[in-house]
Amino acid sequence: MITTAPWIVCPTILAKDENKWVFRTPNIGDGDQAHNLIASCPPLDMNSSYCNFLQSTHFKQTCIIAEFNDEIAGFISSYLKPENNNELFIWQVAVAPKHRGKGLAFNMLKELLMRDNLEHIKAIETTITKDNQGSWNLFKKLDKENNNHGSVTTFLDEHKHFKGKHDTEYLYHIPLTKTH
């Protein structure tokens, strides 16, 4: 079941199937399924399954699972930045291929931001490679909803930091203007 604040608009397809959707906090039993989901979502970087278990336990209050008919369809991992607890860093957004194009990623992000423990968040940050069009579209949509005050800078350079082993990661900083 989708719970929404009055300012959230659910896409038509997702709303049509709303009785089948559950957004929830992950738990230790979700670590392996989150790992498998991320593996099915290139160009996302694969982390160890241990990392996904930590996200599903230690960082569960800043992560979200979307289920469709008892199957994990989406996962967002994030954390509060240690030097600034008013900023939420979105690490990865994964949506199962068969559930793409329904607005699921945006709805998961909105659900996550509505949590009481995150009501103090003033900005979202994420890093995106140049070719990850799905992530650019998602975060540009969030930026647009928040008056287009976002900024993009180079965070980790392909040559300087990654020594040519990984594409440049651009930091997208989005100040939030909506109240939760």
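The crossing of helices α2 and α3 is right-handed (the near helix is turned clockwise from the far one by less than a right angle). In this predicted model, local features need pLDDT of at least 70 and side-chain atom pairs count only at pLDDT 80 or more, while totals for chains, interfaces and linings use all residues. Residues are numbered from 1 along each chain as its sequence is written, and side-chain values use heavy atoms, without hydrogens and water.

From α2, the contact (heavy atoms within 4.5 Å) uses Gly 31, Asp 32, Ala 34, His 35 and Ile 38, and from α3 Ser 49, Asn 52, Phe 53 and Ser 56.

## The sheet

Now look at the strands. Seven of them form an open sheet with mixed pairing, in the order β1-β2-β3-β4-β5-β7-β6; strands pair if DSSP finds at least two bridges between them. Because β1 (21-24) and β6 (151-156) stand at the edges with a single partner strand each, one side of each is left without a neighbour in the sheet.

Strands β3 (residues 71-81) and β4 (residues 84-95) run antiparallel, joined by eight bridges. Ser 78 stands opposite Ile 90 in β4. Helix α2 (residues 31-39) lies across β3 and β4, at about 95° to β3.

## A covered helix

Helix α4 (residues 104-113) is mostly covered, with ten of its ten residues buried (under 20% relative accessible area, using a 1.4 Å probe and protein chains only). Among them are Phe 106, Lys 110 and Glu 111.

Key:
Buried < 20%, exposed > 50% of the residue type's maximum accessible area, 1.4 Å probe, protein only. Helix = DSSP H or I, 4+ residues; strand = E, 2+ residues; numbered from the N terminus. Axes fitted to C-alpha atoms, helices over the stretch in contact; angles between N-to-C directions.
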